Amino acid sequence: MPETYILGIESSCDETAAAVVRSGEQVVSNVVFSQIATHQPYGGVVPELASREHLRAIVPVVRKALADANQTFPSIDALAVTQGPGLAGALLVSISYAKALAFALDKPLIAVNHLEGHIHAVLLEERQKGNRQLSFPVLALVVSGGHTHLYLAMQGECGWSYQNIGHTRDDAAGEAFDKVAKLLALGYPGGPMIEKLSAHGDPTAVSFPPAQLKHRDRNDRENGQDSDQPRFDFSYSGIKTAVLRYVETHGLRDSIEARRRAARAIAQPTAADYLSHCDRKTLDLVASFQHAVVGDLVGKTLAAARASNAASLFVTGGVAANNQLRQRFERDSAMEGLSVFFPSRPLSTDNAAMIAAAAYPKFVAQDFAPMNFSAEAGLALK
Ligand code: KG4
Ligand code: ZN
């Protein structure tokens, strides 16, 4: 197979991204335009604003990805675009653009599931390091602002396939970080700030009882999940409510309001700014929250790894950028003789290199998207 250059385009949430990846194993360029500054004042992603910002950014971002890669529209071999899951209006921006380009250039177009992209971020970087020896079964935890999913990933002759063996019943882990940060007036997105502030608090100060999921998710049967198969589901709305209760019972409201006012007066508040407006109780609370979420993610994932006899574990998605999570996974997986792989931090959060990488096996299998395909906000990974 000759070298193949795929231009990936991604706009499922609040990052407009384009990248060129060679043969699924080498990042040649990777451009990410973050909309964080746009959404920060609202404490979360505003879908209408996201679409508008994607529209503004998509053409310059794609042009830069090509220029950085020393490529041109005619020189690339194929285009890849995220079909879903994500915000419908945001997805449509890159889908429409990619379709128009594929049509005008007469190049194949490949539709990629965003979650498959996160999994392929790991594979891409391992290949880039020269590591082609992957032990199966592979268990992948995709943990981000929108998702907390466990998949068994299989490689067949016609590409990769995935079996979901666990998901969150309510909030995604990253969403819990974001909501707790919003509640405590610590800015958006919450994960990176909570991680930085947690280093100054006592992770054992507040104990949060683990989420108890006694019954199977009734949606599993409707989704065709085998009821005999063990499930490893997550739940993070309870811990968010527990943080709220703690705020109320420990009189933290006034200090939260003072911090909110102080942060509003600063254009781009840094971790040092927030730290100078946090008391001990707040620092202990965020450290304990992070400790509980990390413990739950690691505990459930390793239980799933044992049950599925996994030989390799991938941990990917925005929350995989968290150092505490990486350290706990590394320590606890080593004790079980399990190899754990993470993407580098830039490829943990949303990017288009992962989309171009996931498209490569589909390019080889000639699995191209029909011109009438559209965005699927709730697209499942199979
Ligand atoms: O993968 P991603 O960029 O977008 C989605 O597909 O959702 O993930 C973004 C999420 C946000 O919820 C953010 O707070 C979280 O990842 N995140 C983190 C960290 N960095 C980003 N959570 C915990 N610790 C971090 N260091
Ligand atoms: Zn993502």
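Colleague: Let's start with Cys278. Is it buried or exposed?
Modeller: Cys278 counts as buried, because its relative accessibility is 13% and the cut-off for buried is under 20%. Keep in mind that this is a predicted model.

Colleague: OK, and Cys158, buried or exposed?
Modeller: Cys158 is exposed, with a relative accessible area of 68%.

Colleague: What about Phe177 and Phe289, how do their rings meet?
Modeller: Edge-to-face, because their planes are at 75 degrees, with the centres 5.2 Å apart. Phe177 belongs to helix H5 (residues 173-183) and Phe289 to helix H11 (residues 280-307), so this pair ties together parts 112 residues apart in sequence. Both Phe177 and Phe289 are buried.

Colleague: Which ring does the charged end of Lys99 sit over?
Modeller: The ring of Phe373, at 5.2 Å from its centre.

Colleague: Switching to the sheet of five strands. What order do the strands come in?
Modeller: S3-S2-S1-S4-S5, in an open sheet with mixed pairing. At the edges you'll find S3 (26-34) and S5 (109-113), each pairing on one side only. Neighbouring strands are turned by 20 degrees against each other on average, if you ignore direction.

Colleague: Remind me, what holds strands together in a sheet?
Modeller: Strands pair through backbone hydrogen bonds, and they can do it parallel or antiparallel.

Colleague: So are S1 and S2 parallel or antiparallel?
Modeller: Antiparallel, over six bridges between S1 (residues 5-10) and S2 (residues 15-22). For an example to click on, Ile6 has Val21 in S2 as its bridge partner.

Colleague: Which strands does helix H3 lie across?
Modeller: Helix H3, residues 88-105, lies across S1, S4 (78-84) and S5. Against S4, helix H3 runs at about 155 degrees.

Key
Residues are numbered from 1 along each chain as its sequence is written. Chains are lettered from A and ligands numbered from 1 in the order in which they are written. This is a predicted model: local features need pLDDT of at least 70, side-chain atom pairs count only at pLDDT 80 or more; totals for chains, interfaces and linings use all residues. Side-chain values use heavy atoms; hydrogens and water are left out. Rings of Phe, Tyr and Trp (its six-membered ring) pair if their centres lie within 6.5 Å; planes under 30 degrees apart count as stacked, over 60 as edge-to-face and the rest as tilted. Helices (H or I, at least four residues) and strands (E, at least two) are DSSP runs, numbered from the N terminus. Buried means under 20% relative accessible area, exposed over 50%, partly exposed in between (1.4 Å probe, protein chains only). A charge sits over a ring if NZ of Lys or CZ of Arg is within 6 Å of the ring centre and within 35 degrees of the ring normal. Two strands pair if DSSP finds at least two bridges between them. Axes are lines fitted to C-alpha atoms, for helices over the stretch in contact, and angles run from 0 to 180 degrees between N-to-C directions. Contact means heavy atoms within 4.5 Å.
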